[in-house]
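Hello,

Here is the structure I promised to pass on. My notes follow below it.

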Amino acid sequence: MNPSWPFLVFGGIVIILVAAILGLSYILGQRHKDRATGEAYEAGILSTGSARLRFPSQFYLVAMLFVIFDIETVFVISWAIAFGELGWPGFIGVSVFILILLVVLIYEWRNGALDFGPDGKKILKAYWKMRKEKTSQTIQPQSHEVVVN
């Protein structure tokens with residue numbers, strides 16, 4: 001006798017149950033057309049505009065960096081758990097791994113991948129320029145003419 005017959009019976013029962021559930025929901029389900037029936041459910045509020053928002057590329061870059069460093073954490077914790085079995089060769093391997101990730105992080109940082117918002121140096125430069133102009137205006141003597149008739 002074939003030992004896989006219980007799996008075939010189980011698979012058949014699952015297929016029959018799924019077909020029965022889908023068929024009953026189609027037969028017994030409500031069919032109505034209200035004004036928001038075809039819309040995506042958003043807490044009962046009719047949607048306005050498009051759901052297609054454009055995210056800046058820095059959003060995806062940060063997401064990738066998060067995944068990379070999240071995976072790094074998994075590898076380092078796995079190494080720490082198996083440290084007794086891996087010994088010094090494992091330590092050297094994880095050190096090289098961390099060093100490579102540190103070099104990548106510095107590279108990304110230097111290329112501006114982690115810069116969000118306005119540049120701080122430009123803001124300070126504009127602030128000092130504005131302050132210099134303001135102080136030069138107050139230092140200059142202003143002449144007041146008096147007209148006598």
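**What I found**

Of the 149 residues in the chain, 6% count as buried. Buried means under 20% relative accessible area, exposed means over 50%, and partly exposed lies in between (1.4 Å probe, protein chains only). This is a predicted model, in which local features need pLDDT of at least 70, side-chain atom pairs count only at pLDDT 80 or more, and totals for chains, interfaces and linings use all residues. Residues are numbered from 1 along each chain as its sequence is written, and side-chain values use heavy atoms, with hydrogens and water left out.

**Overall**

The chain has four helices and zero strands. From the N terminus, the order is α-α-α-α. Helices (H or I, at least four residues) and strands (E, at least two) are DSSP runs, numbered from the N terminus. The chain's accessible surface is about 14300 Å². Carbon and sulfur atoms account for 68% of that surface. Accessible areas come from the Shrake-Rupley method with a 1.4 Å probe; for residues, only the protein chains shown count as cover.

**Helix α3**

α3 bends by about 70° at proline 89. The bend is the angle between axes fitted to the seven residues ending at a residue and the seven starting there. α3 has 28 residues, yet its end C-alpha atoms are only 34 Å apart. A straight helix would reach 40 Å at 1.5 Å a residue. That expected span is 1.5 Å times one less than the number of residues. The buried residues of α3 are Gly90, Val94, Leu101 and Glu108.

**Aromatic pairs**

There are five aromatic pairs in the structure. One of them joins phenylalanine 75 and phenylalanine 97: the ring centres are 5.6 Å apart and the planes stand at 90°, so the pair is edge-to-face. Rings of Phe, Tyr and Trp (its six-membered ring) pair if their centres lie within 6.5 Å; planes under 30 degrees apart are stacked, over 60 edge-to-face, and the rest tilted.

This pair links distant parts of the chain, 22 residues apart. Phenylalanine 75 is in helix α2 (residues 57-81), and phenylalanine 97 is in helix α3 (residues 83-110). Phenylalanine 75 is partly exposed at 47% relative accessibility. Phenylalanine 97 is also partly exposed, at 28%.

Tryptophan 88 and phenylalanine 91 form an edge-to-face pair, 5.3 Å centre to centre with 85° between the planes. They sit three residues apart in helix α3, so about one helical turn separates them. Tryptophan 88 is exposed at 60%, whereas phenylalanine 91 is partly exposed at 34%.

**Surface patch**

Phe83, Trp88, Phe91, Ile92, Val96, Ile100 and Val104 make a nonpolar surface patch of about 670 Å². Patch residues have over 30% relative accessible area and no salt bridge; like charges are joined within 9 Å, nonpolar side chains (Val, Leu, Ile, Met, Phe, Trp, Tyr) within 5 Å. A salt bridge is a side-chain nitrogen of Lys or Arg within 4 Å of a carboxyl oxygen of Asp or Glu. Valine 96 lies in helix α3 and is partly exposed at 44%.

Best wishes
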